[in-house]
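This report covers strand pairing and helix packing. The structure comes first, then the details.

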Amino acid sequence: GYPRWIGLTRRGVRALRGDAMKAAMKIQTTAVPGTVVHGGRFRAVAAWLKKHVVDNKAHMPALGTVRVECDGTLLRLTGTDLGVAARVELPAAGASFAPVCVEAKVLVAVLAAAKGDSIVVGTLGAGAELVLTLNVGARAFKLPSVVAAVEYPEVVIEPVAGIPLNRCAYDVAQLLAGLDFALPAMSLDATRYAMTGLYIEGNTLTSTDTHRMHHAVLDRSTQAAQPAILPPRAGHALRAALVLAKDVEVSMTQPKTGGSFFSYTIRDRENGGFLIQLVAKSIDGTFPTYQSVVPRPDTWRGDKGIRFYVSSTALAEALRASVAVASERIKQVWLDVRDGALEVSVQSAVQGRFSETLGAVRVERGDGSVLGYNGFYLREIAELLEGELQVEAMDNSSPALFTVKTADRKGWFCLLMPMKL
């Protein structure tokens, strides 16, 4: 009494999916009327939904789909994995049609095959036989509905009426730079779930995995954000959405009583553009009180501590070679500060010892000190903080503070824990 597909192997499942893909991409001879949308934008937002919003490994079929509908002037695409949800609105002109839920992977593959600047989107059939049609010139593609629209999870994009809201408007370039700076340090340890996200408080973005910490300070927005933790997938989805268009404005909405959710609105103002509304539930839990572990060099007395300045570009180039030679397991790199120079060295059981000396290093404190760090993390810091890199630490067993004295990076810092020498 069980369906025949229960006993299929993984290879069989892939074969069935391949057959469905071929059927969807079969060239038809009869074009179906519908609504006209910009092909390039349609491809871009569909790929964004598939990669950053839709659950591609869903046990629930509906979570692997994109809901497509049109009212005649706007084509709406909706996706969710129940943690992150998004709705995209594309300018359209033509006939309206009822919602249809198609598999995200198939939609993206078909749009890649349907090359053209103008795509006509419509539907055929009704109920369980409803299919989405995509017409490009003389070619027409049919995508079957995976689930009925009424079975698609309810996605609440607009905040519930009556809740006091906090709205923040961001400078797009600043927000994008802050995300690029902070996202890499998010923890991958699911047992410390609060650290897997991006901590947003006021105009700051902070992330840590206990080995390193990245802290970015954005220009003051219209209002300061309430303390909350943005889930990692939502952070990467937001970053990817910001680069979909050149002329973008972005704002964030959250409850004033504390962020139980984030709602980002990204509007492309170029040629009518498109609108992306990204919603994510904030991570429950308490982010570590990171302020207590940040070194305070202004409190060091006398000649205590280590402080030197080095070109971040030169250090990054030296570290690229060093990390390639270092042990695959720990990637430990030594920094030897001595006589106005910085020696970057690694020891490998296979490759032996490798070192490179950087000149023109200003040493204010701690001449003769030897520091040990994870070379991969250190290289990433040198690449993110461009300019004259200031390195400060109490000693070689204390966390090091990395900063640059540039106007657009004021208040930004990286904190890196040492490794045993």
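Two strands count as paired here if DSSP finds at least two bridges between them. The model is predicted.

Take strand S7 (residues 118–124) and strand S8 (residues 131–136). They run antiparallel and are joined by five bridges. Thr123 in this pairing sits opposite Leu132 of S8. Helix H3 (residues 104–113) packs on the sheet and touches S7, S8 and S9. The direction of H3 makes about 175° with that of S9.

S7 and S8 belong to an open sheet of five strands, ordered S5-S1-S7-S8-S9, with antiparallel pairing. Strand S5 (93–94) and strand S9 (139–144) are its edges, each pairing on one side only. Helix H2 (residues 39–52) lies across strand S1 (35–38), S7 and S8. H2 runs at about 75° to S1.

Now to strand S13. Five of its six residues (212–217) are buried, so S13 is largely enclosed by the rest of the structure.

Ser207 stands opposite His214, and Cys414 is the bridge partner of His214 in S26.

How many residues lie between S12 and S13 in their hairpin? There are three. Thr210, in the turn, has a positive phi of about 75°.

Conventions:
Residues numbered from 1 in each chain as written. Predicted model: local features only at pLDDT ≥ 70, side-chain atom pairs only at ≥ 80, totals over all residues. Heavy atoms only, no water. Buried < 20%, exposed > 50% of the residue type's maximum accessible area, 1.4 Å probe, protein only. Helix = DSSP H or I, 4+ residues; strand = E, 2+ residues; numbered from the N terminus. Contact = heavy atoms within 4.5 Å. Axes fitted to C-alpha atoms, helices over the stretch in contact; angles between N-to-C directions.
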